[in-house]
Amino acid sequence: MTDTTPPSPMAPTTALHSGPEAETTIRANAGQRALRLHRELTEVWADLPGLRGVFMSVNHGTIGRRFMATAFVFFAIGGVLAMLIRAQLATPRGDFLDTALYNQIFTMHGTIMMFLFAIPMLEGLALWLLPKILGARDMAFPRLSALGYWCYLFGGTTILLSLLAGVAPDSGWFMYTPMSGRVHTPGINADVWLLGITFVEISAMAAAVEITVTILRCRAAGMALTRMPLMGWYLLGTSVMMLVGFPPLILGSILLEVERAFDWPFFDVARGGDPLLWQHLFWLFGHPEVYIIFLPAAGALSTLIPILSRTPILGYGAVVASVLGLVFLSFGLWVHHMFAVGIPNMALGLFSAASALVAVPTAVQVFVWIGTMWKGRPELSLPMLHVMGFFLTFVMGGLTGVMLAIVPFNWQAHDTAFVTAHLHYVLIGGFVFPMMAAITYWMPLLSGRWRVSGLGEAAFWLIVVGFHGTFFIMHLTGLLGMPRRIDIYPDNPEWVLPNLVSSIFSMVLAMGFALFAFDIAMQALFGRRSQRNPWQAPTLDWAMALPAPAYNFASLPGPGKDEAGALLALARGEGLVPGAPRGWRETLVVEPGTGRPDHVAALPTNTMLPLATAAVIGSFFALMLAGLYVLTPLAIAAIIAMVWRWGAVMGTDRDHPPVEAAPGLALPLHWHRRTTLAYGGAVATLVADATLYACLIFGVGFLSVVAPGWPAPPSGLPAFLAAALSCLALAALLAGSVAARRVEARRASPAARPTAMIGVAAGLVAVVALAGVGFALDDPRRHARDALRGVLLGFALVHAVIATLFALRAWADARAGRLGATRRGAAPVWRLWQDYALATTAASALLVGLQEAL
Amino acid sequence: MVSVPALAACSGPLSTLDPAGASAGLIAGLWWVMLLGAALITTFVFALLLLAWWRKPAVGPDERVWTMGLGVGFTLTVLVGLVGYGFWVGERIVARDDGALRVSAHARQWEWEFTQPGPDGAPLVTQDVLYIPAGRPFDIEITSSDVIHSFWVPRLGGKMDAVPGRTNVARLMADAPGIHEGLCAEFCGIGHSVMRFTVVVYEEGAFPDLSEIAAETGEQP
Ligand code: HEM
Ligand SMILES: [Cu+2]
Ligand SMILES: [Cu+2]
């Protein structure tokens, strides 16, 4: 069968190959019995039965569902905390909670909603949905999905437990120093936040790496980037923002935790630090975070609105441009959270204008959505109702956002209930409503069942009325001067009524959410079987049985079979790489831009490794939390051992014949390619890592230029010794880079093994030399400059250690016969990492050298 | 909509909508203009949305009207106007070097220490009460010795943070003699809710009797 179907009217969003460049050369595989294929694939792809399945699953469907279910539980908990807040504020002298507990509760409400509900929810949706809309069988790194989930679960649980123990974080969800510093928060409350959230953020980084690589490489054959479903663009934007947005927070958290634990002064003004450094790092993350949350939700809207209006989206190109615009602009806005900290007027103007500008790409999307509805024939189904809830809420949230971008008004409204109202309008309007639309829309695919009753509509109306009743009046409360984060207001009778109104309606809101959850549970438990493709959507996610099988597609979509209509052909194995004839979990890897098939990846299967790794990482965080710093090296050793095992199951010691993906289309397996998924993952990781490093350099620059308490006291660095050791370390790292190249070049010869050993030796020399520099440094507790030098050195040391491990991996590959004419093992990733370690270490050495010289 | 109840509901000792100084007045004006604009835009967007349900499909403006026309053109026009207006207001309310009266506010958990010219012109240090003459712009130097606080007198103007290690300056002015309330707007720990203060505005040259004020506000001079 060749691609002779005429382009469908839904061309831009869905049909992928109607253009002249379409690969008409991919022929159909011979049809087979769908049931037999299903059995064969299930055998390979299914989770193990019972408890082992719980602990060992790495399948994106399972992990995605877990993420979403867990996020929902956290949403419920955050919601209960919100109810406590509202109960306390219902009366001016609320003595329902004491102030200390109240502070914990609003901090935990914000923290849970942002880090344990919103982000994991979108990660879960992305993991579950992405392979289905792109036409793949799984995400690029299944084990990483599972690792992320366990880190999220363990970290989130720890944070929750702290609330039960009465030692929850209590400095507000943005944890401003010095409030969150050792002096003003002597207990472990702040450590719980810093360590717990960093632990949870491992899952965000894992998701970011994996979503990026999946979108760029795990699409259907012939699905060019420029024609992928819009959700792909949205999630690509999201994941890139996560790669670049989370590192500032992670760096900030590390610095603050090191300050709290070891008294290195990054934020202490008396010793050259500056509390504003925390604010910059936090909002450098915090503002993009809001768009990270919004983009996937907007992606759901751009997917649902056209389908539920029976027409293609109005402007594919305009939407893609707005997504890119949002990604770009959102990194230039963070200062609008800091308009009142004393920023020079010029900068205020600039950031104010940039903040207002971000409304443009948002407005473009809103008008595209409305225009799409004009063009089509919208139907008021339950998902559409939630879409209307989105418009009703988000438009106003966007408008108050523009108001807050205007500096003089911001000075009045900042830190008042007006901001609380605004942020809930955008978060509930821009995230929760679209997510409810998405969940009600995809429930049939998720559960295989159709709705039972009209409860969903009732829930919707309760939520809309409850929400606006709670938050609309809060704009006024704020303008009447009520600050946020206060627990009593005995002297302000004028705030009593609006607060009472908010509190009463918040009960309605809570009832609405409870009913929503009940409705979903009813559907999952008692709904009748849904018919296939119940919304008559043209998109690939519906080209599969309901509920979606673990492997998604019995054969993979390609030209001519890239729409929901291809369901039967794909189930019969007429697409690419049908079944699992080799007993592996195989999926297609394509070239990033064109979508031309490149190779077939055999993905890892059920394993305990992610859980075990998350557990040892957790032990590290637990030791830090308990203040047992001397024991942390044990945990680090355990982590290294685990990570070593991850590498050990990659690679192969023999050559595999190419896979016949389709008649006449023989593709190599991933072991025989250089640019594998793993290589892409390494590049993505380095992008995040480089952002972290850039933020660190920003920190050095910011403190030396802006912070009071500089210049630093005279340096006691022994110039000659430090220079000599640094040069030795750099030379060793350079030698490692040369060795990595040689190993890859000589991979087929016996020389590879000793060369790799040279790399290991060079790495060890670098590690020892860098450790030696450590002894020459001034006491990092003396001044921020010395503390930052300590961090720069720590960064170099960590990277040198990892580079050495990669060298060792390459050596082990050579020894195990995993290198060959086309098999490169870990060598390419080693080389990448080694070069990066060399470059950053050299930059750090140069920076310190300059500081010394000036 | 319930957002604009009777104007009476807008007054209050901490209300930004009941300005008693030039800066607060300009900002309140900005707010009313923005509210009007936002109401119009909201109505417009909701009307477009409603129309989507009632009109015949497939006839209507083409893509560029929605994206470039409404999305970019309309939005940018509004934004340029608004940002310009914001700059104009901003220019009028920031501190400048014109030899205005200088007072200072030093924050610590959870009280304010003010330094201002006293009855005899010599610096007077007070706790939680700030004395300023009416009708005269003044610059207030805001500092903190522990955590971050924020100085805010809603009826006089916007807030400014008190950040350890730096001195921030805000320009304010009170129109007429009277008593205004102020508070700490940045979360600063257990005492945040009660970190209030009072601003006493007196007729230039008629410094009030401190003990009278103390009786009235309950604060110690
Ligand atoms: C379920 C309905 C919700 C209610 C009734 C509610 C209520 C509140 C209230 C009253 C506050 C202000 C406390 C104060 O500072 O005085 C607050 C703060 C906050 N809420 Fe919600 N909220 C809800 C849902 C959400 C959701 C879904 C999110 C995010 C996705 C969210 C994020 C936040 C954040 C970030 C804060 C700031 C916390 C802080 O000041 O540290 N809330 N919420
Ligand atoms: Cu304070
Ligand atoms: Cu405060």
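# Close-up legends

**Strand pairing in chain B**

Ala107(B) faces its opposite number Ser144(B), a residue of E5(B). What you're looking at is a predicted model, where local features need pLDDT of at least 70, side-chain atom pairs count only at pLDDT 80 or more, and totals for chains, interfaces and linings use all residues. For bookkeeping, residues are numbered from 1 along each chain as its sequence is written, chains are lettered from A and ligands numbered from 1 in the order in which they are written, and side-chain values use heavy atoms, with hydrogens and water left out. Strands here (E, at least two residues) and helices (H or I, at least four) are DSSP runs numbered from the N terminus, and two strands pair if DSSP finds at least two bridges between them. By that rule, E5(B) (residues 138-144) runs parallel to strand E1 (residues 101-108) of chain B, with seven bridges between them. E5(B) also pairs with strand E8 (residues 168-172) of chain B, this time antiparallel and through five bridges. One of the residue pairs to look for is Phe138(B) with Leu172(B) in E8(B). Six of the seven residues of E5(B) are buried, leaving the strand mostly covered; buried means under 20% relative accessible area, exposed over 50%, and partly exposed in between (1.4 Å probe, protein chains only).

**The copper ion (ligand 3)**

Four protein donors from chain B hold the copper ion (ligand 3): Cys184(B) (SG), Glu186(B) (O), Cys188(B) (SG) and His192(B) (ND1), at 2.1 to 2.3 Å. Donors are N, O and S atoms within 2.8 Å of the metal (3.2 Å for Na, K and Ca), and water is not among the atoms, so sites may look incomplete. Along the chain, these donors are spaced C-x1-E-x1-C-x3-H. Which geometry do the four donor atoms around the copper ion (ligand 3) make? Tetrahedral, because their angles come out at 90 to 130°. The cut-offs run like this: four donors are tetrahedral if all angles lie between 85 and 135 degrees; four are square planar and six octahedral if opposite donors are over 155 degrees apart and all others between 65 and 115; anything else is irregular. Cys184(B) is buried, at 1% relative accessibility, and so is Glu186(B), at 3%.

**The copper ion (ligand 2)**

The copper ion (ligand 2) picks up His149(B) (ND1), Cys184(B) (SG), Cys188(B) (SG) and Met195(B) (SD), at distances of 1.9 to 2.5 Å. Angles of 92 to 130° among the four donor atoms make this arrangement tetrahedral. Here the donor spacing reads H-x34-C-x3-C-x6-M. His149(B) belongs to strand E6 (residues 149-152) of chain B, and Met195(B) to the loop between strand E9 (178-184) and strand E10 (196-202) of chain B, so this pair ties together parts 46 residues apart in sequence. Both ends of that pair are tucked away: His149(B) is buried at 0% relative accessible area, and Met195(B) is buried at 1%. How far apart are the copper ion (ligand 2) and the copper ion (ligand 3)? They lie 2.7 Å apart, with Cys184(B) as a bridge.

His109(A) sits in helix H4 of chain A and His424(A) in helix H14 of chain A, so the pair joins distant parts of the chain, 315 residues apart. Both are buried, His109(A) with a relative accessible area of 13% and His424(A) with 15%.

**The second largest cavity**

About 80 Å³ of space makes up the second largest cavity, in a structure with nine cavities of 30 Å³ or more. On a 1 Å grid over the protein atoms alone, a cavity is a set of points where a 1.4 Å probe fits but cannot get out, and lining residues have an atom within 4 Å of a point. Grid points are joined across faces, edges and corners, and the volume is the space filled by probe spheres set on them. Among the lining residues are Phe72(A), Phe117(A), Met435(A) and Phe513(A). Helices H3 (60-89), H4 (99-134), H14 (417-447) and H16 (496-526) of chain A each give two or more residues, and H14(A) gives the most, with four. The lining counts 10 nonpolar residues, no polar and no charged; Ala, Val, Leu, Ile, Met, Phe, Trp, Tyr, Cys and Pro count as nonpolar, Asp, Glu, Lys and Arg as charged, and the others, Gly among them, as polar.

Notes. 1 Å grid on protein atoms, 1.4 Å probe; cavity = no way out; pocket = protein on both sides within 12 Å on 5 of 7 lines; lining within 4 Å.
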